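Colleague: Before we go through the assignments, I would like each label set against its cut-off.

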Amino acid sequence: MTKITRGNPPNLRNIRSNIYFHYIRVDNPTSLVFLSGQLSRDADGNLVGPGDMAEQARQAIRNMQVALEAAGGSLSDIVSIVAYTTDMRQFKEIVAARMEFFKDKLPTSTIVEVNHLADPGLLIEFQATAAL
């Protein structure tokens, strides 16, 4: 039986405890799902939310949801997420979009600013690992 324990060590403050945990321990997972980087593209491959960081983040998360459901999971199964953004100044917009989808079973989290992503117009990409 899979057991997932999320936590924050008492001697390591988590100033954004509403969006991530410092650690997640997964004992006896049935399956691990590794998601490729998900972008803000619709089912036809068209860019969603040009110039809008929050909408691009939402679409990338919706794409993670679609991929996880195809693999037999859901967003609540994500234990680790990495965000790559072209503009860290829009951190608040990214966090607000994430909070629409991740409310209680929060993943561990890393965010990195990069010069650019695979195509012009892309502002954010999410990569994740899920434990089912």
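Modeller: Let me start with the geometry: axes are lines fitted to C-alpha atoms, for helices over the stretch in contact, and angles run from 0 to 180 degrees between N-to-C directions. This is a predicted model, in which local features need pLDDT of at least 70 and side-chain atom pairs count only at pLDDT 80 or more, while totals for chains, interfaces and linings use all residues. Residues are numbered from 1 along each chain as its sequence is written, and side-chain values use heavy atoms, with hydrogens and water left out.

Colleague: At what angle do helix 1 and helix 2 pack, and how far apart are their axes?

Modeller: Helix 1 and helix 2 pack at an angle of about 35°, and their axes are 8 Å apart; helices here are DSSP runs of H or I with at least four residues, and strands are runs of E with at least two, numbered from the N terminus. Where they meet, M53, A54, A57, R58, I61, R62 and Q65 of helix 1 are in contact (heavy atoms within 4.5 Å) with E93, I94, A97, R98, E100 and F101 of helix 2.

Colleague: What puts the buried residues of helix 2 on the same side?

Modeller: The buried residues of helix 2, residues 91-101, are F91, I94, V95, A97 and R98. They cover an arc of only 165° around the axis, taken from the directions from the helix axis to the C-beta atoms, and therefore lie on the same side of helix 2. Their cover includes helix 1 (53-70), strand 4 (78-85), strand 5 (108-113) and strand 6 (124-131).

Colleague: Why does N14 count as buried?

Modeller: Buried means under 20% relative accessible area, exposed over 50%, and partly exposed in between, with a 1.4 Å probe and protein chains only; N14 has 11% relative accessibility, so N14 counts as buried. N14 lies in the loop between strand 1 (3-7) and strand 2 (23-27), and, leaving aside residues up to four places away in sequence, touches N8, Y20, F21 and H22.

Colleague: Which side chain makes a polar contact with the side chain of N14?

Modeller: A polar contact is a pair of N or O atoms within 3.5 Å; within protein, one must be able to donate a hydrogen and the other to accept it, and residues adjacent in sequence count only if both atoms are side-chain atoms. The side chain of N14 makes such a contact with the side chain of N8 at 3.0 Å.

Colleague: Why is M99 called partly exposed?

Modeller: M99, found in helix 2, has 33% relative accessibility and therefore counts as partly exposed.
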